[in-house]
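Have the viewer open while you read.

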Amino acid sequence: MSERKVLNKYYPPDFDPAKIPKLKLPKDRQYVVRLMAPFNMRCKTCGEYIYKGKKFNARKETVQNEVYLGLPIFRFYIKCTRCLAEITFKTDPENTDYTMEHGATRNFQAEKLLEEEEKRMQKEREEEELNNPMKVLENRTKDSKLEMEVLENLQELKELNQRQANVDFEAMLKQYKEYEEEQKRKEQEEDEQEMKAMLEEAQNRRLLVDSDSDEEPAKSHTKPVAEIKPTDILQEDPQPQSKKLKTESWERSVGKLNTKSQLAGLVTVKKQKPDPTLANGMENQGTTANTGSFPTATGTMSSLSLLGAYSDSEDSGSD
């Protein structure tokens, strides 16, 4: 099998490369290349800014009848990113730069304008010196003075650098640290003084209030009425008040019941003294009399005991 990738080709002995037909292409043929904008520009049609470094698919062609020292000059065609207007610029090998042709204006050309102005002044000076020898002498004296000033400034800068070289930075840092500590100490002292002044002012106010209260007339010695607080209701025992309300409603509806002391005043028990004359002779009569009167006494005592028990039960119920 032969090789898949053939690197060496066979040339017959009668091969003549001059006989190969050449492809004839036009000199102004355009190629599509990928490039970046070489400078900042602004579109004249829509005013869109195109910044340096923006990428474009441009068309490249060789400028006819323009060369610089045998170097060809190329022209590039790009389109605005907003309105698609055509913008062209070409190379400038003389100044190693690019020049804008049409479709946009170049921005930030201050440095380029300054360089062009310096070149123009240098050219004018050379033309003056060529025809006027006194002007050459004047320009030489000016240049010598300018050179002396530059040397003096350079010497001053060297001396300044030597002074800075002799400076002890550690001592400077130490001094700055001491200065900061001193500032902190002063601030603390000021704060302490302010606190003392505020305390003295508060004490003076308190003394003035105390003196004013001493000068007021003595108040009456009447017993002050205790102030009723809203929370006192929670601390009081509500049971006696409810008992009192119950007894008052019972007395209004049924009537007030008599106690033992009041009933004791209504009923009196008579104490019978035994007769000495009848005690010896009439024992039977005495017994019968005693038995006859006993039911009466027992009846009264039973009624008293019932009333007392009823009143006790009512007192216990009211409690």
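Predicted model: local features only at pLDDT ≥ 70, side-chain atom pairs only at ≥ 80, totals over all residues.

Residues are numbered from 1 along each chain as its sequence is written, and side-chain values use heavy atoms, with hydrogens and water left out.

**The whole chain**

The protein has eight helices and eight strands; these are DSSP runs numbered from the N terminus, with helices (H or I) of at least four residues and strands (E) of at least two. Of its 319 residues, 11% are buried, where buried means under 20% relative accessible area, exposed means over 50% and partly exposed lies in between (1.4 Å probe, protein chains only). Taking contacts (heavy atoms within 4.5 Å), 43% of those with a separation of 6 or more link residues 24 or more positions apart.

**The sheet**

Five strands make an open sheet in the order β1-β4-β5-β6-β7, paired antiparallel. Its edges are β1 (31-36) and β7 (97-102), each pairing on one side only. From one strand to the next the twist averages 40°; the axes behind such angles are lines fitted to C-alpha atoms, and angles run from 0 to 180 degrees between N-to-C directions. Strands count as paired if DSSP finds at least two bridges between them.

| Strands | Bridges | Residues between strands | Positive phi |
|---|---|---|---|
| β4 (residues 55-68) and β5 (residues 71-79) | six bridges | two residues | L69, about 55° |
| β5 and β6 (residues 86-92) | five bridges | six residues | L84, near 60° |

Some facing pairs to click on: V67 stands opposite P72 in β5, and R59 is opposite Y77 in β5. On the β6 side, R75 faces K90.

**The core**

Which residues of the largest nonpolar core touch the most other members? They're L35, M41, I50, I78, I87 and F89, out of 15 residues. The elements that give two or more residues to this core are β2 (41-43), β4, β5 and β6. A nonpolar core means a set of buried Ala, Val, Leu, Ile, Met, Phe, Trp, Tyr and Cys residues joined through side-chain atoms within 4.5 Å. In soluble globular proteins, nonpolar side chains tend to be buried together.

F89 sits in strand β6 and is buried, with a relative accessible area of 1%. Leaving aside neighbours within four places in sequence, F89 is in contact with several residues, including L35, P38, F39, F74, I78, Y98 and M100. F76 is also among the contacts of F89; the two are 13 residues apart in sequence and 5.6 Å apart in space, C-alpha to C-alpha.

Is D92 buried or exposed? D92, which also lies in strand β6, is buried, at a relative accessible area of 14%. Beyond four places in sequence, D92 is in contact with D97, Y98 and T99.
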